[in-house]
Amino acid sequence: MKFFLDTAIVEDIRWAANLGIVDGVTTNPSLIARSGRKFEEVVKEITEIVDGPISAEAVSLEAEKMVEEARKLAKIHKNIVVKIPFIEEGIKAVKVLSKEGIRTNVTLIFSASQALIAAKVGANYVSPFIGRIDDTGARGMNVVEETVEIFENYGYQTEVIVASIRHPLHVIEAAVIGAHIATIPPPILKKMISHPLTDKGVKMFLEDWKKVPK
Ligand code: E4P
């Protein structure tokens with residue numbers, strides 16, 4: 001399973017990249033705003049840290065303007081994947097971008113039907129927002145299960161990025177289903193790594209090691 005980091009905080013990206021477990025990064029306008037930095041500057045810096053797909057989101061709402069924006073974003077670096085929201089204009093834009101070879105990540109996916117349409121027009125990635133679906137009282141992971149099965153049924157090359165991850169169990173459920181990618185906020189990745197029993201075990205082993213006759 002590929003791990004993307006869902007953040008625009010470069011210090012966090014450096015930390016996880018140093019562990020050797022980061023395959024890509026996703027950003028969105030809210031994450032960029034939270035970084036407090038200029039969009040293009042932060043995106044460029046991320047491309048220097050991680051050699052993998054880096055999602056940068058287009059903010060236009062009309063197909064033609066989305067396409068123009070995507071062309072500019074794609075020029076920043078070869079690894080840029082343009083995030084396009086799943087709206088009707090977005091569907092048209094993805095079709096054009098796919099023909100031009102500009103990679104897209106269709107975002108704000110809340111149903112398998114939306115994911116299927118995004119795949120049909122040539123999206124490289126779809127991002128179902130699991131946590132936000134869970135917030136409504138529905139099971140977000142159902143969308144991942146259905147989407148993965150549909151893509152397998154028809155041989156779509158589109159990869160599923162499980163997004164809006166709120167806890168480690170989301171990642172594990174996504175991995176059991178066989179989703180291609182989880183985009184993980186750094187605090188969740190930290191929770192996936194540390195376990196109090198591991199720390200306790202290391203301490204105990206070191207204490208016992210001191211008792212071994214030298
Ligand atoms: C990633 O591509 C999404 O933008 C992100 O996971 C959304 O997460 P949120 O629902 O926590 O904002």
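This is a predicted model: local features need pLDDT of at least 70, side-chain atom pairs count only at pLDDT 80 or more; totals for chains, interfaces and linings use all residues.
Me: What makes Val10, Ile13 and Ala16 the buried residues of α1?

Reply: Buried means under 20% relative accessible area, and in helix α1, which spans residues 10-19, the residues that count as buried are Val10, Ile13 and Ala16.

Me: How do you know that the buried residues of α1 line one face of the helix?

Reply: Seen down the axis of α1, these residues fall within an arc of 125°, so they line one face. An α-helix has 3.6 residues a turn, so residues three or four places apart point the same way.

Me: Why are Glu11 and Asn18 called exposed?

Reply: The term exposed is kept for residues with over 50% relative accessible area, and Glu11 and Asn18, on the other side of α1, are exposed.

Me: What do the buried residues of α1 pack against?

Reply: Contact requires heavy atoms within 4.5 Å, and the buried residues of α1 pack against the strands β1 (2-6) and β2 (24-26), as well as the helices α3 (39-49) and α10 (186-193).

Me: How much space lies in the largest pocket, and which residues are the closest to its centre?

Reply: The largest pocket holds about 400 Å³ of space; of its 23 lining residues, Asp6, Asn28, Leu31, Arg34 and Pro185 are the closest to the centre. The elements giving two or more residues to this lining are α2 (29-35) and α10, and the largest share, three residues, comes from α2.

Me: What classes of residue make up the lining of the largest pocket?

Reply: The lining has nine nonpolar, eight polar and six charged residues.

Definitions and conventions:
Residues are numbered from 1 along each chain as its sequence is written. Side-chain values use heavy atoms; hydrogens and water are left out. Buried means under 20% relative accessible area, exposed over 50%, partly exposed in between (1.4 Å probe, protein chains only). Helices (H or I, at least four residues) and strands (E, at least two) are DSSP runs, numbered from the N terminus. The arc is that of the directions from the helix axis to the C-beta atoms. On a 1 Å grid over the protein atoms alone, a cavity is a set of points where a 1.4 Å probe fits but cannot get out, and a pocket is an open set with protein on both sides within 12 Å along at least five of seven lines; lining residues have an atom within 4 Å of a point. Grid points are joined across faces, edges and corners, and a volume is the space filled by probe spheres set on the points. Ala, Val, Leu, Ile, Met, Phe, Trp, Tyr, Cys and Pro count as nonpolar, Asp, Glu, Lys and Arg as charged, and the others, Gly among them, as polar.
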